[in-house]
Amino acid sequence: MNPWYTDYSDYLARFYGPTKVQKLSVNTAAGCPNRDGTIGTGGCIYCNNASFTPGYCLKGGDVAEQLENGKKFFGRKYTKMKYLAYFQSYTNTHGRSVDELREAYDAAMQVEDIVGLIIGTRPDCLDAGLVEMLTALNRKMPVFVELGVETLCDTTLALINRGHDSQTSRDTISRLAKAGLHVGVHLIAGLPGEDTERFMKTIEEICSLPVESIKIHHLQVLRGTPLARMIEDGKLTVENFSVDEYLKICVEAIKRIPRGIAIERFLASAPPDMVISPKWGLKNYQFTTKLHNLLKAENTAEAE
């Protein structure tokens, strides 16, 4: 067990014991209400969806076919593995009826060795009928809902063109948890206009809500995004953290996150050719090693 925080593998062990469990992304060509005109156009200013869609999802195919492709991809490295069907790209609960979504989720649940569902979505795209359906599925196998919260600062949410306010996130987290669903949130450090103190305020408030996991990312400026154009035109500036600066932010976040809440990851990892800044050239495991070394050093210094 990690001595400094609860990592995601420890969290999954609460459900699956010692069995190794791997996420398999599924691309259902879902839309986004902040792109298709439902609530806005253009999307969040930092978003390039291609930056986090695995290659095996880009080949097309139905849900079962994508999951089988994913199993082949990971099965080369590991045996006796179980899988979570991760409905990741865009906003998976937007633009489809409850029945259509149920059909897609049911198809995933029928694939051999799938032991849970992860639904990536926004706080403003989970109506009562959908939550009821997810609750029913959660009785068959665990359903994890990952919400793109990003920040609980309304000024920042407006600036990044998020399309919802912070109260929507608070209310949705509470509704999902009350329904027995397993809630995770995504947060971004270094959003325009936010300093470390503001980010820590979001961390502290999120930890006061019924969440089970947190995924922290540093802000990456990606090619082809409104954010990249706004920076180039001089309309916005953002912090271009060094690795050491961001490591210190992660340490401060860890100090505020109780052991009952798992930390899934700390690093955004878009393909290098999409990244304008910061360009660190680090794999996730390399960053985590640096973080653990820093935590160990701090603990040693405190003990002396």
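Let me start with the lining of the second largest pocket in this predicted model, where the residues divide into 9 nonpolar, 6 polar and 3 charged. The space in that second largest pocket comes to about 440 Å³, and of the 18 residues that line it, those closest to the centre are Ser 269, Ala 270, Pro 272, Leu 282 and Lys 283. If we ask which element gives the most to this lining, it is helix α10, residues 284-303, which contributes 3 residues.

Stepping back to the chain as a whole, we have 10 helices and 9 strands. The radius of gyration is 19 Å, close to the 19 Å that the globule rule gives for 304 residues, so the chain is as compact as a globular protein of that length. The C-alpha trace, followed along its principal axes, spans about 50 × 50 × 40 Å.

Next, the cysteines. How many disulfides does the structure hold? The count is 0, and for Cys 250 we can say why: its sulfur is 14 Å from the closest cysteine sulfur, that of Cys 207, which is too far for a bond, given that a disulfide requires the two sulfur atoms to be within 2.5 Å. Cys 250 is also buried, since its relative accessible area is 1%, under the 20% cut-off that we apply. Cys 125 is likewise placed in the buried class, because its relative accessible area of 9% falls under that 20% limit.

Where does Arg 96 lie? You will find it in the loop between strand β2, residues 82-87, and helix α3, residues 98-109. Its relative accessibility is 32%, so Arg 96 counts as partly exposed, that class being the one between 20% and 50%. Leaving aside residues up to four places away in sequence, Arg 96 touches Thr 28, Ala 29, Ala 30 and Leu 101.

Conventions
Residues numbered from 1 in each chain as written. Predicted model: local features only at pLDDT ≥ 70, side-chain atom pairs only at ≥ 80, totals over all residues. Heavy atoms only, no water. 1 Å grid on protein atoms, 1.4 Å probe; cavity = no way out; pocket = protein on both sides within 12 Å on 5 of 7 lines; lining within 4 Å. Points joined across faces, edges and corners; volume = space filled by probe spheres on them. Helix = DSSP H or I, 4+ residues; strand = E, 2+ residues; numbered from the N terminus. Nonpolar A, V, L, I, M, F, W, Y, C, P; charged D, E, K, R; others polar. Buried < 20%, exposed > 50% of the residue type's maximum accessible area, 1.4 Å probe, protein only. Rg over C-alpha atoms; globule rule 2.2 N^0.38 Å. Contact = heavy atoms within 4.5 Å.
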